[in-house]
Amino acid sequence: MKDILQEIFASLKSNKLRTFLTGFAISWGIFMLVALLACGNGLKNAMTSNFDYMSRNAVSIYAGYTSKPYGGKKQWRKIDFTENDVNFIKNSINNIEYFSAVSDVNDGKLTYNNLENSVMLNGVQPDYQHIRVFNMVAGRFINQIDIKENRKVVVIDKSFAEKLFENPDSAIGKNVKLTNDIFFNIVGVYSSKGRMYQSEIFIPLTTAITIYNPNGRVEEVDFTIKENDLNIDYSATIRALLSKQLDFAPDDYNALWINDFKSNYEQSKMIFRGLSMFIWIIGISTLIAGIVGVGNIMLITVKERTREFGIRKAIGATPGSIIKMVVAEAIAITSLFGYIGMLLGMGLSEILCMIFPEKSFVEGNGPSMFVNPSVDLSIVISATIILVVAGVLAGYIPARKAVSVKPIEAMMAK
């Protein structure tokens, strides 16, 4: 074994440039495969996290402006939902699980101890906690009694609780001043994984309408569909129903914006499946280039050493011992440089995970673009093993051909 290692080392040392270039191709192949997989996973995780702030079976309807005249009514007419429209939506769509109208308060502000913060202030109904993905870290969410009695209560974001109070628990029961200098009592503190915006706070829908929106109109309706009905496309049905109810052209997509999270999520998954396939094709192609490099180097090595092989056979060396030596050299090159490429690739993945950690989107400031670009270690090891096996074949095939030559013919080879 020691003799074989010495011969391998001497052979590699005598062809330093060739060995380096071959090894670089191998390392680069593994490194690029790992780097591409890490980046693909980072993008995929970001896409998934950006959908985590809402239930996957949620549908959101946003009122807009008509982009064309219809039924004798002018263009650019503002569409809003009245209480009758909200009830019409709730009663006309089958298999609704949770339902909430949403009233957005413009220029939301929250003040405590002379510290003023801009917030997204939304009036919602109790079901909203099941439509949005909430984690109540202290207290409770808006309930039906709050709605019925028009209570001035508020559920705030965890970041505000930590900023304004010692911790979320100490925020419960405190009074804060909201828009128009009206005091509200904090009844709950929430965190939301992957939420789209930071600093959203929630008050009862009836309170929001009474204080901030006396015309009684709302701009958004959210609901979830029961699990057994998720394959139905509700967008066309909703648009057809509301175009009659709100009197706008059925093909006026500016009048009504419908966000079907299930449909959007499935479309995004298809895109990333295609991206993942593309990444694998590029990565494997790069890996194959490294394998071809090993094959070429072994072909050249065997050709250069044909005379040596003839002499070895003439003095009693068996074909098996010669093949073993050549294959061992191929294994040494592929294993060493494959391992180096694997370490560099995993190192890059770890650095990227430190820069874009998984927890970064739990309390994020907006949509994530790159999250936790980790790579499954088993995939990396499998790719390295495949490379080593390919290196063995790359050495075995030309070596077997060389040792099949008679000793006298081998010794006369140039």
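Start at the second largest cavity, with a volume of about 30 Å³ (the space filled by probe spheres set on grid points joined across faces, edges and corners). A cavity is a set of points on a 1 Å grid over the protein atoms alone where a 1.4 Å probe fits but cannot get out; lining residues have an atom within 4 Å of a point. This is a predicted model: local features need pLDDT of at least 70, side-chain atom pairs count only at pLDDT 80 or more, and totals for chains, interfaces and linings use all residues. Residues are numbered from 1 along each chain as its sequence is written, and side-chain values use heavy atoms, without hydrogens or water.

Select Phe88, Ile89, Ser92, Ile93, Ile238, Leu241 and Leu242, which line this cavity. Helices H3 (83-92) and H9 (234-245) each supply at least two lining residues (helices are DSSP runs, H or I, of at least four residues; strands, E, at least two; numbered from the N terminus).

Next, pick Ile238. Beyond residues up to four places away in sequence, Ile238 touches Val59, Ile61, Ile93, Phe223 and Ile258 (contact: heavy atoms within 4.5 Å).

Now show the largest nonpolar core, which has 37 residues; Phe81, Ile89, Phe223, Ile238 and Leu242 touch the most other members. Strand E2 (residues 96-112) gives the most to this core, four residues. Such a core joins buried Ala, Val, Leu, Ile, Met, Phe, Trp, Tyr and Cys through side-chain atoms within 4.5 Å.

Finish at Asp146, in helix H5 (residues 144-148). Asp146 counts as buried because its relative accessibility is 0% (buried: under 20% relative accessible area, 1.4 Å probe, protein chains only).

Terms used:
Buried means under 20% relative accessible area, exposed over 50%, partly exposed in between (1.4 Å probe, protein chains only). On a 1 Å grid over the protein atoms alone, a cavity is a set of points where a 1.4 Å probe fits but cannot get out, and a pocket is an open set with protein on both sides within 12 Å along at least five of seven lines; lining residues have an atom within 4 Å of a point.
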